[in-house]
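Subject: Structure handover

Hello,

Here is the structure I promised you. Please open it and keep it on screen while you read my notes below.

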2 protein chains.
Amino acid sequence: MKKAFLLTLFILINYTVNAQKFLNAKDSDPKILKWMQGYPPTKEKTISASDGSFFRFPALRYSVCHMREFLPTTEVKSASSDRYQFTTKIDPAIDEIEFIPLDSNEKISWKTSLDKNYTDGIIILHKGVIVYERYFGELTKDGVHAAMSVSKTFTGTLGAILVTDGILDQEAKAVQYIPELENSAFGDATIRQILDMTTTLKYSEDYSDPNAEIWSFSAAGNPLPKPKSYNGPNNYYEYLQTVQKNGVHGDEFGYKTINTDALGWIISRVTNKSIPHLLSEKIWKPLGTHFDGYFQIDGAGIAFAGGGFSANLRDMAMFGEMIRNKGYFNNTQIIPSKTVENIMKGGNQEAFKKSPYKTLTNWSYRDMWWITHNEHNAFAARGVHGQTIYIDPKAEMVLVRFASHPEAKNAKIDPTSLPAYHAVAKYLLGK
Amino acid sequence: MKKAFLLTLFILINYTVNAQKFLNAKDSDPKILKWMQGYPPTKEKTISASDGSFFRFPALRYSVCHMREFLPTTEVKSASSDRYQFTTKIDPAIDEIEFIPLDSNEKISWKTSLDKNYTDGIIILHKGVIVYERYFGELTKDGVHAAMSVSKTFTGTLGAILVTDGILDQEAKAVQYIPELENSAFGDATIRQILDMTTTLKYSEDYSDPNAEIWSFSAAGNPLPKPKSYNGPNNYYEYLQTVQKNGVHGDEFGYKTINTDALGWIISRVTNKSIPHLLSEKIWKPLGTHFDGYFQIDGAGIAFAGGGFSANLRDMAMFGEMIRNKGYFNNTQIIPSKTVENIMKGGNQEAFKKSPYKTLTNWSYRDMWWITHNEHNAFAARGVHGQTIYIDPKAEMVLVRFASHPEAKNAKIDPTSLPAYHAVAKYLLGK
């Protein structure tokens, strides 16, 4: 008991110290910290993939805009013609919109929230017109940024299209498409359960636990040479075959990245195309995007479908606006309207309630989209460190944010984000 | 004596066996060999950077179009607007043009030469119009290909521009710009000597010699984690500081990649821009290129200026045509005409004669371009495994070829290339 108390104390103190030690957004600006500046950069200012330091704050604030400089990648080709041109009509009043953060009683302004969330780039479309657009730190208008788990939403949407098109049967079991998954947890999971992450997997994504399965998954997917002593799976697909069940599929939402990688495998098997290739062909090129995106890949060239996408902010906004318009954008029905309508209906709210996401009241998860079921029927793609595509159908608003918050979990970031987005939506609705 | 004889015999037999064992162009087509096909590819068909196998023939034929999938890279941004559109007027007669290879007495056709040289992509411009364009194997019209030492020509041209602009003094010693080079061979080499590779360096690029310095250079620049026992230089710039002199600079042409990396360092120091960034800004964007190129980089993010560029075939042709037009292209004077005129005058032919390039009679080397001094005053960028940009001012011809010949040395490739280019040039001159 005393031991448990001391441990709790230790964690609390440690947490407080950690919380204090994070530089704020301005002081952690990569340009201020001079990461990778100079020819050559000094040893202290060199960020490297080989020791994993590139993904630690504050170096992370640089790396998120330069993933290809640390890892092997494969491109998601942008449009080579018919590139979409946004109309811009900036509304300066947005900066002054006020809202009450979830963890506070005091109003703050939209403008203030940007630094609180270590925003690298943010764009807001209202009825398809750019009304707000800002870039900070390392991100530039023509640059790209890691989308983290927003990547899942692209893979999920591709899967949902294949269901609409009848190429994937959502009630079929994964083993029907990938026999190699037979002895894994995924074998008897349905495509629908994988799409909505209601599989029940013996798999922890607790980054603070050195024994969590996330580390074995990362090791398998690491394209760097494996240590001689390593005898685990050598790529993402080999890893997925080792995952075991932890109960019955279908009852409970369990947010686990490997569902997306299993889905990615199924998609590639039935289409004979990689996720980056299919995303480019089905979505990125038809949108009229301007900049190639890319995925990080493992040692077998397999894209990290659950988190490896990097893309340009405006290009992401094109995707969001296409979804808001039920698949129609750039004079083309890019994806079936039925696919988007299904996503917007949302997933199983009862299953979601059983998950640990207690602050996301009444939310659900569908086709790797987060559905708020709020008064505006907003829904979102969400990634760690603050990445989001937030679509508010009622306000006819699409918002994309790239960020590099010191802490990964959105629970740290939502309090100054979700009410901010809703406040802007209400403002735009009144215009 | 007997020992020497046996060794010679061994080498001859070994060479013959090796020569026979290379699959021909059609049989080594990456699509036929199914490299990296399937989800996942089989172990036998997986190409990996971690064991170095990605750069061995025939895997090389796949890798040259996918360097970013094996290595960290940084982009050379293409134009985002004012993208140049070529006019195309294909001349089918070119395929039938005949020539006598340098190592033979029998005529062969242009068409036949393409497979002999394991051509991946080739384009010919006549007066700026595309008259010939073919893609083979892994290369596509919208893809990129490793340029190998053709990369040097881009770095050299950037250096030459800075000389024209008075930012670099060609008679100044390298140490004046990079004090860290003081105790290296480069310290007292002039910018001109580095640009023309008349430095004298204790540095062997003989890939067949395991003790050649090229391996230390590669080890320093390898972005993968270094073995624990490694205590050598950690990046390209650290390596350059260790290079020692092997005589007097200025008298002899010595083709050594590290000259280009030293030049790249000098350029970055005086401009405070990386080679990929400067190349994009000064050349790739103004040309109106359509596809981002990229450079492979070392563990400190430094681009491999001497060989790490990958680019699109048509984009390369834009560069060649710009040079043929003395820097003018896409309605813009992109680089100073004086820079190109200086290159075309050529370098020191006496210095070149002292080099081992005995088959390149009367050639010279200037600003990292190869000058033929032939009857058409042709000049070229050249890279191992058959890469070239070949400019024939008299015939108003620009030719770009990407290839993946099993052997690195152009001495193996020139016999069926140089006379072929000249035959096409003479044909175009007569039109």
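**What I found**

Start with B:Ser81, which sits in the loop between strand E1 (73–76) and strand E2 (98–99) of chain B. (Helices, H or I with at least four residues, and strands, E with at least two, are DSSP runs numbered from the N terminus.) B:Ser81 is partly exposed, at 46% relative accessible area. The cut-offs, with a 1.4 Å probe and protein chains only, are these: buried is under 20%, exposed is over 50%, and partly exposed lies in between. Now find B:Ser229, 148 residues away from B:Ser81 along the chain. The C-alpha atoms of B:Ser81 and B:Ser229 are 49 Å apart.

Some ground rules. This is a predicted model: local features need pLDDT of at least 70, side-chain atom pairs count only at pLDDT 80 or more, and totals for chains, interfaces and linings use all residues. Residues are numbered from 1 along each chain as its sequence is written, chains are lettered from A and ligands numbered from 1 in the order in which they are written, and side-chain values use heavy atoms, leaving out hydrogens and water.

**The two chains together**

How many residues does the contact take from each chain? Chain A gives 40 residues and chain B gives 42 residues. Contact means heavy atoms within 4.5 Å. About 3100 Å² is buried between chain A and chain B. Carbon and sulfur atoms give 51% of that area. (Buried area is the accessible area, with a 1.4 Å probe, that two parts lose on being put together, summed over both.) Three residues stand out on chain A: A:Tyr39, A:Arg68 and A:Glu69. They supply 25% of the area that chain A buries against chain B, more than any other three residues.

The rule finds 2 salt bridges across the interface of chain A and chain B. A salt bridge is a side-chain nitrogen of Lys or Arg within 4 Å of a carboxyl oxygen of Asp or Glu. A:Lys285 forms a salt bridge with B:Asp142, with the closest N and O atoms 3.9 Å apart. Between chain A and chain B, 14 residue pairs are in polar contact, both residues at pLDDT 80 or more. (A polar contact is a pair of N or O atoms within 3.5 Å; within protein, one must be able to donate a hydrogen and the other to accept it, and residues adjacent in sequence count only if both atoms are side-chain atoms.)

Which elements give two or more residues to the side of chain A that touches chain B? They are strand E1 (73–76), helix H9 (236–240) and helix H10 (257–271) of chain A.

**Symmetry**

Rotate chain A by 180°, with 0.0 Å of shift along the axis, and it superposes on chain B with an RMSD of 0.0 Å. The two copies are thus related as by a two-fold rotation axis. In chain A, the C-alpha nearest the axis belongs to A:Pro72, 2.6 Å from it. The same surface serves both copies: 100% of the contact residues of chain A recur in chain B. (Copies are superposed by least squares on the C-alpha atoms of residues with pLDDT of at least 70 in both.)

**Two aspartates**

A:Asp414 is in the loop between strand E15 (397–403) and helix H15 (418–429) of chain A. Is A:Asp414 buried or exposed? It counts as buried, because its relative accessibility is 7%. Its side chain makes a polar contact of 2.7 Å with that of A:Arg382.

B:Asp120 is in strand E4 (residues 119–126) of chain B. B:Asp120 is buried, at 0% relative accessible area. A polar contact of 2.8 Å joins its side chain to that of B:Ser404. Beyond its neighbours within four places in sequence, B:Asp120 is in contact with residues including B:Arg61, B:Tyr135 and B:His145.

**Backbone points to check**

Most residues other than glycine have a negative phi, and most peptide bonds are trans. Look at these cases with that in mind.

- The peptide bond from A:Tyr39 to A:Pro40 is cis, with omega near 0°. A:Pro40 is in the loop between helix H2 (30–33) and helix H3 (59–63) of chain A.
- The peptide bond from B:Phe57 to B:Pro58 is also cis, with omega near 0°.
- A:Tyr118 is not a glycine, yet its phi is positive, near 50°. A:Tyr118 is buried, at 9% relative accessible area.
- B:Glu396 has a positive phi of about 50° and is not a glycine. B:Glu396 is partly exposed, at 31%.

Best wishes
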